[in-house]
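Hi,

Here is the structure I said I'd pass on. Have a look at it first, and then read on for what turned up.

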Amino acid sequence: GIKSAKPNGVTYTSVINACAYSKHPGDRKDAFEIAFRVFKQMTVKDLRPDAVTYTCLLNVCRYCLSKTDEKLRFNISKSLFKECSEAGFVNDCVLRALKKVATKEQYIHLVGSGEESSSHLPSAWTRMIAQRLKGNKLVESNYAKRP
């Protein structure tokens with residue numbers, strides 16, 4: 001291997017995503033803790049979470065937290081959405097993930113409507129989404145270091 005290689009945003013986000021899809025119910029609590037510990041490390045290392053990272057974290061909440069613990073699910077997803085919108089990384093994927101972890105009322109409270117499209121949102125919430133076409137696919141976001 002390359003001894004000088006260091007994890008980047010893609011690496012951290014991939015670990016977070018893997019935690020979201022833990023197959024064994026008994027492992028979900030640990031997977032949740034690992035995902036948020038990795039997220040914290042990512043920010044400490046000055047790597048900028050992006051829309052993909054926030055989508056993965058919302059999926060961690062969806063799959064790793066019990067549906068019966070609605071208050072905890074809402075508080076964490078609310079905090080993530082607030083951070084994501086303040087950072088300008090809200091896109092349609094973030095909205096879909098939020099809609100799946102929150103109740104309809106909670107979603108409307110956070111987003112302002114029941115729509116899953118980011119086109120109606122304040123531009124400040126979506127300002128960091130760099131959209132460009134690569135072939136026929138829309139490619140979003142960048143794992144850049146924080147300014």
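A residue counts as buried here if its relative accessible area is under 20%. By that cut-off, 39% of the 147 residues of the chain are buried. Keep in mind that this is a predicted model.

First, the overall picture. The chain has seven helices and two strands, and from the N terminus the order is α-α-α-α-α-α-α-β-β. Take the contacts between residues at least 6 apart in sequence: 65% of them join residues at least 24 apart. The exposed surface comes to about 8900 Å², with 53% of it supplied by carbon and sulfur atoms.

Now the aromatics. Rings of Phe, Tyr and Trp pair if their centres lie within 6.5 Å, and by this rule there are five aromatic pairs. One of them is Y21 with Y63: the centres are 5.2 Å apart and the planes are at 45°, so this pair is tilted. Y21 sits in the loop between α1 (9-20) and α2 (28-44), while Y63 belongs to helix α3 (residues 51-64), so the pair ties together parts that are 42 residues apart in sequence. Both partners are partly exposed, Y21 at 43% relative accessibility and Y63 at 31%.

F36 and F39 make another pair, this one edge-to-face, with 6.5 Å centre to centre and 85° between the planes. These two are three residues apart in helix α2, which separates them by about one helical turn. An α-helix has 3.6 residues a turn, so residues three or four places apart point the same way. F39 is buried, at 8% relative accessible area. Ring pairs also link F36 and F39 with F32 and Y54 into a cluster.

Then there is helix α5 (residues 92-101), which is worth a click-through. Which of its residues are buried? They are V94, L95, A97, L98 and V101. Around the axis they cover an arc of only 165°, so they lie on the same side of α5. As for what they pack against, the buried residues of α5 meet α3, α4 (70-87) and α6 (104-111).

Two details from that region to finish. At the start of α5, a side-chain oxygen of N91 comes to within 3.1 Å of the backbone nitrogen of C93. K99 has its charged end over the ring of Y107, 5.3 Å from the ring's centre.

Cheers

Note on methods: Residues are numbered from 1 along each chain as its sequence is written. This is a predicted model: local features need pLDDT of at least 70, side-chain atom pairs count only at pLDDT 80 or more; totals for chains, interfaces and linings use all residues. Side-chain values use heavy atoms; hydrogens and water are left out. Rings of Phe, Tyr and Trp (its six-membered ring) pair if their centres lie within 6.5 Å; planes under 30 degrees apart count as stacked, over 60 as edge-to-face and the rest as tilted. Helices (H or I, at least four residues) and strands (E, at least two) are DSSP runs, numbered from the N terminus. Buried means under 20% relative accessible area, exposed over 50%, partly exposed in between (1.4 Å probe, protein chains only). A charge sits over a ring if NZ of Lys or CZ of Arg is within 6 Å of the ring centre and within 35 degrees of the ring normal. The arc is that of the directions from the helix axis to the C-beta atoms. Contact means heavy atoms within 4.5 Å. A polar contact is a pair of N or O atoms within 3.5 Å; within protein, one must be able to donate a hydrogen and the other to accept it, and residues adjacent in sequence count only if both atoms are side-chain atoms. Accessible areas come from the Shrake-Rupley method with a 1.4 Å probe; for residues, only the protein chains shown count as cover.
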